[in-house]
Amino acid sequence: MSSSFEDKAAKAALPNRHTYRSAGVDIDNADAFVKAISPMAKSTRRAGADASLGGFGALFDLKAAGYSDPILVTTTDGVGTKLKLAIETGIHDTIGIDLVAMSVNDLIVQGAEPLLFLDYFATGKLDRAVAETVVSGIATGCRDAGCALIGGETAEMPGLYHEGDYDLAGFAVGAVDRDKILPREDIVPGDVIIGLASSGVHSNGYSLVRKLVSAGRHSLTEPAPFDPDARSFGEALLTPTRIYVKAILPLARARRIKALAHITGGGLTENVPRVLPQGTDALFDLSLWLRPPVFRWLQKAGNVETAEMLRTFNCGIGMILVASQSEAPKLVADLTAAGEQAVVIGEIIASSGEPGTRYMGTW
């Protein structure tokens, strides 16, 4: 009797039993999430990648993907404060496309084919409906880029994020045969610069975009004055980043392109010189392309100087190609046939120092 009484007293003195779930992390919910998104990952399978989600790692067979002398290329990126718009509007189905685009468009700049993609989704408390919608966008982006979604990480971290908030990061791996790496070394003055149209603001400059929307006392649900389809500010500004991989990859493999530049943070001003050799500049004629209405609205709403626009936003050009004069007309035709809006917007000129950008003409 004495022993039984002591056991009861000891149990009564113990605090309430705790579990990981009581601390805010629900493993069962996370496991159910992985099962729910597995079909999305399977829809992105490609030659070389046949693994399922849930393992400790994923394998990729470069030989099965058709490479003979491959160099691996890796990129990682996020979507910046554009993510805040997705959270505030409750529109989560396109932000995953942005996540993929930011990495795979950087891979193609090296001439590399995107092979596989991994995502990182972090939140305070996992909302499966939101997370599944985000991953559906990631799967869409992977299919558009021809790469396999082979895994990722879902982190539930109570206390680190406000309710409803989440964060995203993406990691991509590509490959290019050694003799197809870009940029090439034969870029010379007289080469032509071809611009591929962007789908909008893409995923850079959103801290300024959000500030201008707020300063103008605009609601994200009201019609955007710059949108031809009268979508709301939120919907229009969440237009996903264009993925250029499938249109460019065969041209890069055929050695018809000398260099590529993905126009992200830093705009035309900062990104194009990164792929040019010493002693050259990129000369752009601003009169050769039309800015989408969203950029005209941003410049007017914020009284933003043209130089600031050109180093903050893509200003309607999401990707730059450098090619020889003889190759340029056929490239424009082939890119147009592949569904891109391609136009000659400048040329490479000689300079006396580090590569830079110059501008002529007006919008």
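This short talk walks through one predicted protein model, from its overall make-up to a few individual residues.

Before the details, a word on conventions: residues are numbered from 1 along each chain as its sequence is written, and side-chain values use heavy atoms, with hydrogens and water left out.

Let me begin with the whole protein. Its secondary structure comes to twelve helices and ten strands, where helices (H or I, at least four residues) and strands (E, at least two) are DSSP runs, numbered from the N terminus. Of the 363 residues, 49% count as buried; buried means under 20% relative accessible area, exposed over 50%, and partly exposed in between, with a 1.4 Å probe and protein chains only. The protein exposes about 17300 Å², of which carbon and sulfur atoms supply 53%, and these areas come from the Shrake-Rupley method with a 1.4 Å probe, where for residues only the protein chains shown count as cover. If we take contacts (heavy atoms within 4.5 Å) between residues at least 6 apart in sequence, 83% of them join residues at least 24 apart.

Next, the sheet. Four strands make an open sheet in the order β1-β4-β2-β3, with mixed pairing, two strands being paired if DSSP finds at least two bridges between them. β1 (70–77) and β3 (148–156) stand at the edges with a single partner strand each, so one side of each is left without a neighbour in the sheet. Neighbouring strands here are turned by 15 degrees against each other on average, direction ignored; the axes are lines fitted to C-alpha atoms, for helices over the stretch in contact, and angles run from 0 to 180 degrees between N-to-C directions. β1 and strand β4 (residues 166–177) run antiparallel and are joined by eight bridges, and V73 has G174 in β4 as its bridge partner.

I turn now to the aromatic residues. A pair of aromatic rings is described by the distance of the centres and the angle of the planes. Rings of Phe, Tyr and Trp (its six-membered ring) pair if their centres lie within 6.5 Å, and planes under 30 degrees apart count as stacked, over 60 as edge-to-face and the rest as tilted. By this rule there are seven aromatic pairs. One of them, F226 with F233, is edge-to-face, at 5.7 Å centre to centre and 80 degrees between the planes, and both residues are buried. F226 and W297 have ring centres 5.5 Å apart and planes at 50 degrees, so this pair is tilted. Together, F226, F233 and W297 form one aromatic cluster.

Two buried polar residues also deserve a look. N105 lies in helix α4 (residues 95–109) and, at 0% relative accessibility, counts as buried. A polar atom of the N105 side chain lies 3.1 Å from the backbone nitrogen of Y244, and a polar contact of 3.5 Å joins the side chains of N105 and H262. A polar contact is a pair of N or O atoms within 3.5 Å; within protein, one must be able to donate a hydrogen and the other to accept it, and residues adjacent in sequence count only if both atoms are side-chain atoms. Leaving aside residues up to four places away in sequence, N105 touches several residues, including T241, V245 and M319.

Q299, in helix α10, is likewise buried, at 15% relative accessibility, and its side chain makes a polar contact of 2.4 Å with that of R291.

Finally, some loop residues. R274, in the loop between α9 (267–271) and β7 (280–285), is exposed, with a relative accessible area of 66%, and its side chain makes a polar contact of 2.9 Å with that of N271. The peptide bond from L182 to P183 is cis, with omega near 0 degrees, and P183 lies in the loop between β4 and β5 (192–197). R217, although not a glycine, has a positive phi of about 55 degrees, and it is exposed, with a relative accessible area of 78%.

Definitions and conventions. This is a predicted model: local features need pLDDT of at least 70, side-chain atom pairs count only at pLDDT 80 or more; totals for chains, interfaces and linings use all residues.
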